[in-house]
Amino acid sequence: MQRYFINQNADTHQRFSIIDKGDIHHILNVMRYQIDDEIIITFLDQFVYKCKIRNIGTDEIEIELVEQIDIDSELPQTITICSGLIKADKYEWLLQKATELGASEFLAVGMKRSVVKLNDSKVTKKLERWQKIIKEAAEQSYRLAIPSIDYKASLKEVVQQSDLYDYILIAYEDAAKQGEVSNLKRTIKQFQPNDRVLVIFGPEGGLAEEELALFNESAYQVGLGPRILRAETAPLYVLSTISYEVELLD
């Protein structure tokens, strides 16, 4: 059954309207749903309901709540994936898969060694496209919330908001080369429910020394095993490790 999001809180005493143009197109032209067909709606307050289509218009689709569905698909922690800009197709793939694995927020950052450059005139369109990819991935993977994405021109902007996080981890290639294997696991074991965690990854060329120095006093450098991972693969490794430790191990 197809799943959609509505940016309102659930209320069993009222009907709701789907007004997102992309969702309306998908319902009418891709899924070809008709009146009385059922879909799944995730509301802003993360309640999930099976709903019945009651009326179809060109600008809105009216639905009625039928039955609440008990789903808990979010990681216990809020994980922010901060990564240097990489090639468009690779970054879009990263966003899709990291959303499926439970990331809550994304920061796309222009780093010193980023081959890809994003000027101000392109930021808005890029963010819109990236948010669309994230939304579709959240629907597909039965997430209870759509992750957000923002752009930062440099890591200096990120370090200015470091006090928002309970933990900051930096995936550093040299740590892996030197055989560091324990920091990631040890740190994850300290996580508590609702902790906010920032994980920083470099672009294809890795992080520069001066970028690492920005977080000397506030971050843990972690190795990601004995193999050197691509920029688009490393975040998935970390999210999978966190999921195993906090959701599956016990």
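These points describe parts of a predicted model, taking strands, helices and cores in turn.

1. Start with strand S7, residues 105–109. How many of its residues are buried? Five of its five are, so the strand is mostly covered. Both faces are covered: Glu-105, Leu-107 and Val-109 are buried on one side, and Phe-106 and Ala-108 are buried on the other.

2. S7 has a strand partner in S6 (78–84). S6 and S7 run in the parallel sense and are joined over five bridges. One point to check in the structure is Thr-80, whose bridge partner in S7 is Glu-105. Together with helix H2 (88–100), these two strands make a right-handed β-α-β unit.

3. S7 also pairs with strand S8, residues 148–152, again in the parallel sense and over five bridges. Here Leu-107 has Asp-150 of S8 as its bridge partner. Between S7 and S8 the chain passes through helix H3, residues 120–140, and this β-α-β crossover is right-handed.

4. Helix H2 can be checked for length. Its 13 residues, at 1.5 Å a residue, should span 18 Å. The C-alpha atoms at its ends are 19 Å apart, which agrees with that expectation. After H2 comes Gly-102, which has a positive phi, near 115°.

5. Which residues of H2 are buried? They are Tyr-91, Glu-92, Leu-94, Leu-95, Ala-98 and Thr-99. These residues cover an arc of only 155° around the axis, which means that they lie on the same side of H2. Among the elements that cover them are S6, S7, H3, S8 and helix H8 (234–248).

6. The largest nonpolar core has 37 residues. Which residues have the most contacts inside it? They are Tyr-91, Phe-106 and Trp-130. Tyr-91 is one of the buried residues of H2, and Phe-106 is one of the buried residues of S7.

7. The contacts of Phe-106 can be listed, leaving aside its neighbours within four places in sequence. They include Tyr-91, Leu-94, Leu-95, Ala-98 and Thr-99, which are among the buried residues of H2. Phe-106 is also in contact with Ile-81, Ile-134 and Pro-147, as well as with Ser-148, Ile-149 and Asp-150. A second, separate core has 16 residues, including Ile-6, Ile-41, Phe-43 and Tyr-49.

8. Leu-85 sits in the loop between S6 and H2.

9. Ile-168 lies in strand S9, residues 167–171. With a relative accessible area of 3%, Ile-168 is buried. What does Ile-168 touch, not counting residues up to four places away in sequence? The contacts are Ser-162, Leu-198, Ile-200, Phe-215, Ser-218, Ala-219 and Tyr-220. Ile-168 and Glu-217 are 49 residues apart in sequence, with 10 Å between their C-alpha atoms.

How values were computed: Residues numbered from 1 in each chain as written. Predicted model: local features only at pLDDT ≥ 70, side-chain atom pairs only at ≥ 80, totals over all residues. Heavy atoms only, no water. Helix = DSSP H or I, 4+ residues; strand = E, 2+ residues; numbered from the N terminus. Buried < 20%, exposed > 50% of the residue type's maximum accessible area, 1.4 Å probe, protein only. Pairing = 2+ DSSP bridges. Right-handed = clockwise from strand over helix to strand, strands pointing away. Core = buried A, V, L, I, M, F, W, Y, C linked by side-chain atoms within 4.5 Å. Contact = heavy atoms within 4.5 Å. Expected span 1.5 Å × (residues − 1). Arc of directions from axis to C-beta.
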